[in-house]
Amino acid sequence: MSQTLQSVRGMNDILPDEAEFWEVFEDTIRSWLKGYGYRPIRMPIVEPTPLFKRAIGEVTDIVEKEMYSFEDSLNGEQLTLRPEGTAGCVRAVIQHGLANQVPRRLYYIGQMFRHERPQKGRYRQFHQVGVESIGFAGPDIDAEMILMGARLWADLGLDGIELQINSLGQPEERAQHRAALISYFEEHAEILDEDAKRRLYTNPLRILDTKNPALQDMCAAAPKLIDYLGEASLAHFEGVQRVLRDAGVPFVINPRLVRGLDYYNLTVFEWVTDKLGAQGTVCAGGRYDGLVEQLGGKSTPACGFAMGVERLIALIKESGGEPAAPAPDVYLVHQGEAASRLAFRVAEGLRDHGIDVLLHCGGGSFKSQMKKADGSGATFAVVIGDDEAATGEAQLKYLREEGVEQRKLKVDDLADAIIGQLIDSDEEE
Ligand code: ATP
Ligand code: MG
């Protein structure tokens with residue numbers, strides 16, 4: 001026997017029980033986004049590699065070591081499985097001239113790929129809900145995006161997710177901070193790890209985003225970007241905070257929050273839980289005013305955030321969220337040739353009335369089919385034998401309670417009887 005094939009490490013199948021949970025989650029996400037005027041956009045999963053290098057930055061974890069990049073063997077193009085969605089979204093906005101027209105509030109849900117070490121909450125294929133707003137310069141949209149998070153946690157029944165915010169200022173302010181940061185790191189050169197040494201003169205800010213525990217104390221005491229912000233940047237940051245205070249959304253300012261991607265400026269934020277171990281950030285984002293121009297568009301301010309779906313689903317489960325086990329309304333049992341032909345017509349007829357039907361396929365005795373009906377969680381079994389088929393009738397059996405007599409009905413009366421009973425039992429619950 002040949003060896004069975006397995007999925008790629010860090011890339012998971014999402015099986016039906018889990019996938020149903022995801023669909024309920026996605027329904028919540030879509031109606032939440034609609035409530036804020038966001039509209040969907042769907043971009044390709046594969047993009048030209050230079051897009052990510054330019055957008056995310058050459059000296060970042062993602063571009064240096066996490067991208068699935070390859071050459072298209074047919075035409076030699078350099079391609080990459082998207083590690084995040086903002087770059088592709090902005091590319092699409094530029095390509096289709098969306099920046100000057102509504103919608104300028106966009107979202108997408110889909111898989112992202114990063115070659116990381118798989119562990120709880122960290123996978124090589126994972127999913128993000130990405131939310132982007134293009135063309136807004138003021139702190140109002142940053143603040144609204146943060147408030148959106150607070151509402152979603154409430155909608156999902158989640159609490160205890162801490163909001164951390166920071167301001168990365170503007171490029172000139174970062175340049176001054178950068179000089180101070182380099183001198184500081186030079187003083188601590190002996191404890192820098194390989195990554196940090198390599199980034200010292202190319203992207204010292206990145207060092208602050210390190211996951212290496214040995215560098216945490218040194219990074220905590222490093223010069224803070226926030227002390228280098230000018231008036232305009234501080235006013236923007238204060239504008240965001242004012243809306244949060246007005247809305248009663250608590251936050252902490254984390255001066256070390258710099259985000260792992262180079263395109264951010266001014267406001268950055270993360271929502272962090274302590275219930276998921278080391279992978280506690282469930283949502284992260286910020287302003288990226290330079291990116292549209294950097295990718296070849298007209299200078300346009302923008303802001304966005306992304307949520308990790310796997311982490312949020314894990315958190316919902318951790319918080320006691322139960323997936324509703326969906327079951328069909330009817331399991332249709334049938335035996336005999338005439339009965340089987342009638343069964344197809346009955347099943348389609350019930351579906352015309354919006355009733356969910358699981359039609360038994362594959363034959364077998366009445367007894368074994370009834371067992372399957374019970375196991376399916378269906379509310380009713382509809383049973384058709386050749387006797388019933390001859391008179392255009394069917395047996396209707398209510399499966400939710402023991403000992404309820406089954407009734408014989410004309411097949412044309414089944415839908416009304418089922419709908420009536422479904423309404424009655426809803427009222428009792
Ligand atoms: P981390 O610091 O955990 O590596 P990040 O800063 O690289 O996260 P972003 O690029 O900001 O992450 O992505 C936004 C969100 O997507 C994260 O907050 C997280 O919830 C989720 N995410 C990122 N990488 C992964 C991954 N490898 N597996 C699962 N979820 C992820
Ligand atoms: Mg990362």
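In this predicted model, the centres of domain 1 and domain 2, taken over C-alpha atoms, are separated by 48 Å. The domain assignment gives domain 1 as two segments, 16-169 and 229-318, and domain 2 as residues 330-420.

**Ligand 1 and its shell**

- Ligand 1 is surrounded by 16 residues, and the closest of them are Arg114, Glu116, Arg122, Arg259 and Thr281.
- By class, the shell around ligand 1 comprises 6 nonpolar, 4 polar and 6 charged residues.
- At least two residues of this shell come from each of strand E6 (125-134), strand E10 (281-287) and strand E11 (302-308), and it is E10 that gives the most, with 3 residues.

- Arginine 114 places a polar side-chain atom 2.8 Å from an oxygen atom of ligand 1, while in the side chain of arginine 311 an N or O atom is 3.2 Å from an oxygen atom of the ligand.
- Glutamate 116 faces a nitrogen atom of ligand 1 instead, with a polar side-chain atom at 2.6 Å from that nitrogen.
- Taken alone, ligand 1 exposes 580 Å², and the protein buries 92% of that area.

**The second largest pocket**

- The second largest pocket holds about 420 Å³ of space, and among the 27 residues that line this pocket, Pro171, Arg174, Leu205, Asp262 and Tyr264 are the closest to its centre.
- Two or more lining residues are given by each of helix H2 (49-56), helix H6 (171-187), helix H8 (204-207) and helix H11 (291-294), with H6 giving the most to the lining, at 6 residues.
- The lining of the second largest pocket divides into 13 nonpolar, 8 polar and 6 charged residues.

**The enclosed cavity**

- Rolling a probe the size of a water molecule over the atoms shows where empty space is left.
- A search of the whole structure for cavities of 30 Å³ or more finds 1, and the volume of the largest cavity is about 50 Å³.
- The largest cavity is lined by His177, Leu208, Cys219, Ala222, Pro223, Lys224, Leu225, Pro255, Arg256 and Val258, a lining that divides into 7 nonpolar residues, 1 polar residue and 2 charged residues.

Conventions. Residues are numbered from 1 along each chain as its sequence is written. Chains are lettered from A and ligands numbered from 1 in the order in which they are written. This is a predicted model: local features need pLDDT of at least 70, side-chain atom pairs count only at pLDDT 80 or more; totals for chains, interfaces and linings use all residues. Side-chain values use heavy atoms; hydrogens and water are left out. A residue is near a molecule or strand if one of its heavy atoms lies within 4 Å of it. A polar contact is a pair of N or O atoms within 3.5 Å; within protein, one must be able to donate a hydrogen and the other to accept it, and residues adjacent in sequence count only if both atoms are side-chain atoms. Accessible areas come from the Shrake-Rupley method with a 1.4 Å probe; for residues, only the protein chains shown count as cover. Helices (H or I, at least four residues) and strands (E, at least two) are DSSP runs, numbered from the N terminus. Ala, Val, Leu, Ile, Met, Phe, Trp, Tyr, Cys and Pro count as nonpolar, Asp, Glu, Lys and Arg as charged, and the others, Gly among them, as polar. On a 1 Å grid over the protein atoms alone, a cavity is a set of points where a 1.4 Å probe fits but cannot get out, and a pocket is an open set with protein on both sides within 12 Å along at least five of seven lines; lining residues have an atom within 4 Å of a point. Grid points are joined across faces, edges and corners, and a volume is the space filled by probe spheres set on the points. Domain bounds come from an automatic or database domain assignment.
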